[in-house]
Amino acid sequence: MSGVQFTRRAAGFMAFAAASALALSACGPSATPQGSEGAGELSSEPVTLTMTWWGNDTRQANTQKIIDAFEKAHPNINIEPSYSDWAGYWDKLATETAANNTPDIIQMDALYLSTYADRGALLDLSSLGDALNTSDLPQAAVDSGKVGDSLYAVSAGLTAYSLVANTSIFQQAGVELPDDKTWTWKDFAEITKKISDSGAGKYYGASAYGFEDGALRMWARQNGDQLFDKDGKVVIKQETVKSWWDELKKLTETGSVAPASTTIEKQSGGLSESLSATNQAALGFWWNGQLTALSKASGQDLKLLRVPESSGGKYWYKPSMFWSASSRTQHKAEAALFLDFLVNSQEAADIQLTERGVPANEKIRTAITPKLSETDKAVVAFLDDLSGDVGEAEPVTPPGGSAIEALLKKYTEQVLFDQVSTDKAAEGFIKDLSSEIQN
Amino acid sequence: MSALGELHSLTKREKGQPKVKVKHRHNKAAYLFLLPWFLGLGIITIGPMISSLILSFTKYNLLQAPKFIGFDNYIRMLSDESLHQSLGVTFLYVFVSVPVQLGMALALALLLDRGVRGLAFYRSVFYLPSLLGSSVAIAVLWKQVFGTEGLVNQFLAMFGIAGQGWISSPQTALGTLIILNVWTFGAPMVIFLAGLRQIPTMYYEAASTDGASKFRQFRTITLPLLTPIIFFNLVLQIIHAFQSFTQAFIVSGGSGGPAESTLFYTLYLYIRGFSNFDMGYASAMAWVLLLIIGAFTAINFWASKHWVFYDD
C-alpha cells in the first residue's frame with residue numbers, strides 16, 4: 001500500500017501554483033484629457049467630488065467641518081473625503097492616479113507639484129477663469145503654484161522653518177531660552193548638551209534633523225549654497241551636505257540630540273509620536289504652522305524660535321501646502337467652486353485658522369486675526385516678524401525630486417549608525433538624487 | 001488521500017477503455033465548470049503578468065504612456081546598490097527563517113503526534129499565528145513589542161538587562177522579522193501532522209519488536225517517509241518567504257530602514273514603482289524575482305531526487 005499520498009506530481013503542481021500567484025500586476029497607461037476654456041456651468045443635479053489630504057487629527061476634524069459648511073451652502077454637491085498620514089499619502093495618490101481614479105480635489109505639496117503637473121495629472125487652474133479668484137493672494141504666493149507658465153496649484157498657506165521649544169523643559173533644566181536672532185550653531189550645541197545632561201535620558205536637548213529637506217535647504221542657504229537651481233538641477237556642493245551630517249553626528253555623539261536608535265524609532269511615528277509631542281525634547285525642527293498641532297499633542301507651553309545663524313536673508317517663505325484639482329475631473333465647475341471656498345471664504349478660514357499654514361490670502365489673514373488662539377497668534381507673529389530676514393524663494397522642486405525624503409532618511413540613518421562616512425554619504429546622496437530627477 | 005492523487009489514479013484506470021466519445025463529453029462539462037477559474041486566471045493572473053512583462057521593457061511613470069527602452073531596466077539593475085542590498089536582505093531572511101521555522105514546525109508536530117490530550121485545541125492554538133502572521137495588525141504589534149519601551153525590554157529589565165530599540169537598530173531589525181516568520185510555524189506544522197498520521201503504525205510495531213530505539217525509529221522510519229512532506233513545505237515556505245512584504249513595510253514605516261536593513265526585495269520593488277514613479281523598473285524587478293524563485297524551485301526539485309523518498 002502507499003503510505004504517503006503525496007506524489008511528485010502533486011508537490012510540483014502546488015509549487016507551480018504558488019509561484020505563479022506572484023503579484024506581477026501593474027496598471028495600464030491612461031489618456032489625459034485636456035480641459036477646455038472656463039469652468040463651465042454648475043450642475044443642478046447631485047454631484048460628488050472626491051477630496052484627499054494628509055495630516056493629523058486636528059486637520060481631519062477641521063476639514064470635515066469645512067466640508068459640512070460647504071455642503072450646507074450647496075446641497076446638491078457631496079464631498080467625499082479621504083485622508084492619511086504623510087508617508088502613506090503619496091503612495092496612495094500615485095496608485096489612484098495610475099488607476100485613473102485621481103481624487104477631484106488634491107492637497108498638494110511643493111515636493112510633488114512638478115512631478116504631477118509635468119505628467120499631466122493636474123488641472124491648469126487658470127483654465128477655470130473667474131470661477132477661482134486668486135486676486136487676493138500676493139503675486140509671489142500665486143507664482144509658487146506655477147510650473148512653467150501654468151497655474152497647477154493654489155497656495156493654502158505659508159510657513160517657515162523653525163525650532164519648537166518646550167519652555168517647561170528649559171525651566172526644568174535651568175537653562176534660559178536663547179536670543180534666537182543672534183544665536184549660533186555653537187550656542188545650539190552648548191544649550192542642548194546642558195539640557196540633555198540634566199535630563200539624564202528622560203528628555204533631550206533636541207531631536208535630530210536629517211529626515212526632511214527643510215533642514216538641508218536652510219543649512220545650504222546659511223552656507224551660501226542651494227539645493228536645486230532654477231533649471232531643476234541638483235547643485236548643492238558635496239562639502240555642504242558633508243558638513244550638515246558632520247554637525248548632526250557631533251550633536252549625537254555629545255548627547256545634544258537623542259541617541260540614533262531613539263531618533264529612528266520616534267521618527268517613524270509621525271508628529272504625534274515625535275519627541276516634541278511627547279515632551280522628551282526641548283527643541284525640535286518643524287515648520288512653524290505645526291505649532292498648534294504639536295501644542296495640542298504635548299499639552300505643554302511650546303514656543304517658536306528661529307534656527308541658529310539664520311538672519312540676513314537666510315529665511316524663505318514656503319507654501320505650506322497647495323490645493324490642486326485633477327485634470328480628469330468630470331466636474332470642473334464644482335471643483336472650482338469648492339477650491340474658491342477653501343481659499344477665499346471667511347467661513348472656511350474661520351474653521352481652519354492657521355492649521356494649514358498662515359493663509360496666503362491677505363484679506364482672510366486680517367479677517368481671522370481676532371479669532372486666533374494663542375498658538376495661532378504665535379504662528380502668524382513668527383512669520384510676520386521674519387519678513388525683514390526673508391531672502392529669495394526656493395526654486396521649484398523638479399519632477400522626481402520628491403525622492404529626496406527617502407534618500408535623506410537612508411543616508412542619515414547610515415551616518416548615525418556609522419555605516420558610512422559623511423563624505424561618502426554626501427557623495428551618494430547627490431548622485432542618487434540627480435539620477436532620480438533624470439528618470 | 002489527496003484529491004490530486006485520486007485524479008491521477010482515475011485517469012490511469014481509464015486508459016485502457018475505448019469510450020472516447022463519453023470522455024470528450026465529460027471534458028466539455030469539466031471545462032464549463034472550470035470556466036470561472038479560467039476567467040480568473042486569465043484576467044487576474046495571466047493578463048497582468050503579460051502587461052507587466054511588456055512594461056518591464058519600458059519607462060513608465062504611472063502618469064504618462066510608457067516608452068519602450070529595451071533592456072535598459074534590466075541593465076540598470078546591475079549597478080543599483082539598493083537593489084543589491086535588498087537581495088542580500090531577502091536571501092538572509094529566507095535562508096535563516098525557513099529552516100528554523102520548518103525545524104520548529106516538525107518538532108512540535110512530533111510532540112503533538114504522540115497523542116496529546118486536547119490535540120485539536122493545541123493544533124488550533126499553534127496554527128493561529130499562521131493566519132495572523134502576515135497581517136498589518138501583527139506587524140504593528142511587533143513594532144510595539146520590540147520597541148524601546150516594549151514588552152521584550154520590560155521582560156529583560158526584570159533580570160536587570162538593559163535592552164535596546166530592536167526595531168530601530170540596523171543590527172537587530174531584520175532579526176525581529178525573522179522571529180515573526182518563525183512564529184508562523186503553524187501552517188507547515190499542520191501539514192507535518194497530516195504526514196505523520198499517514199505513516200502506517202505497522203512499521204513502528206515491527207521496529208520496536210526488533211528492539212529499535214525511539215530515535216532510531218525516527219531516523220529510519222519517520223524521517224524517510226516524511227521527506228515528501230518536508231520537501232513540499234520547504235518549496236512552499238521558500239516561495240512564501242521570498243514574497244514577504246507586509247511585515248517589513250509596516251515595521252519600517254514603508255522605508256525598509258533603519259539604513260536599509262529590512263529592505264526586502266518586494267518592498268524595494270514597491271518603493272520604486274509607487275513612491276518613485278518607476279513602474280517599468282519595478283516590473284522588471286518583478287520578473288527577476290520570478291526567475292529567482294523559479295531557479296530556487298528548480299534547484300529544489302533537482303536536489304529532491306537525492307533525498308526525497310516516494311513510496312508510490
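**Figure 1. Helices α11(B) and α14(B) meet in a right-handed crossing.** A crossing counts as right-handed if the near helix is turned clockwise from the far one by less than a right angle, and as left-handed if anticlockwise. In this predicted model, local features need pLDDT of at least 70 and side-chain atom pairs count only at pLDDT 80 or more, while totals for chains, interfaces and linings use all residues. Residues are numbered from 1 along each chain as its sequence is written, and chains are lettered from A and ligands numbered from 1 in the order in which they are written. Helix α11 (residues 214-242) and helix α14 (residues 279-307) of chain B have axes 10 Å apart, at an angle of about 165°. Axes are lines fitted to C-alpha atoms, for helices over the stretch in contact, and angles run from 0 to 180 degrees between N-to-C directions. Helices (H or I, at least four residues) and strands (E, at least two) are DSSP runs, numbered from the N terminus. The two helices are therefore roughly antiparallel, a term for angles over 145 degrees; under 35 is roughly parallel, 65 to 115 roughly perpendicular and the rest oblique. Residues in the contact include Phe231(B) and Ile238(B) of α11(B), and Phe296(B) and Trp307(B) of α14(B). Contact requires C-beta atoms, placed from the backbone, within 7 Å.

**Figure 2. Helices α5(B) and α9(B) cross at roughly 135°.** The axes of α5 (residues 119-132) and α9 (residues 186-197) of chain B come within 7 Å. That angle makes α5(B) oblique to α9(B). Among the residues that meet are Phe126(B) and Leu128(B) in α5(B), and Met189(B) and Leu193(B) in α9(B).

**Figure 3. An open sheet of four strands in chain A has mixed pairing.** The strand order is β8-β9-β7-β10, where pairing requires at least two bridges found by DSSP. Strands β8 (204-206) and β10 (302-305) of chain A each have a single partner strand, so one side of each lacks a neighbour in the sheet. Direction ignored, neighbouring strands are turned by 30° against each other on average. Strands β7 (residues 161-166) and β9 (residues 281-287) of chain A run antiparallel and are joined by five bridges. Ser162(A) stands opposite Trp286(A) in β9(A). Helix α11 (residues 291-298) of chain A packs on the sheet and touches β7, β9 and β10 of chain A.

**Figure 4. Chain B is assigned domain 1 (18-53) and domain 2 (56-307).** These bounds come from an automatic or database domain assignment. The centres of domain 1 and domain 2 of chain B, taken over C-alpha atoms, are separated by 32 Å.

Methods: Two residues are in contact if their C-beta atoms, placed from the backbone, lie within 7 Å.
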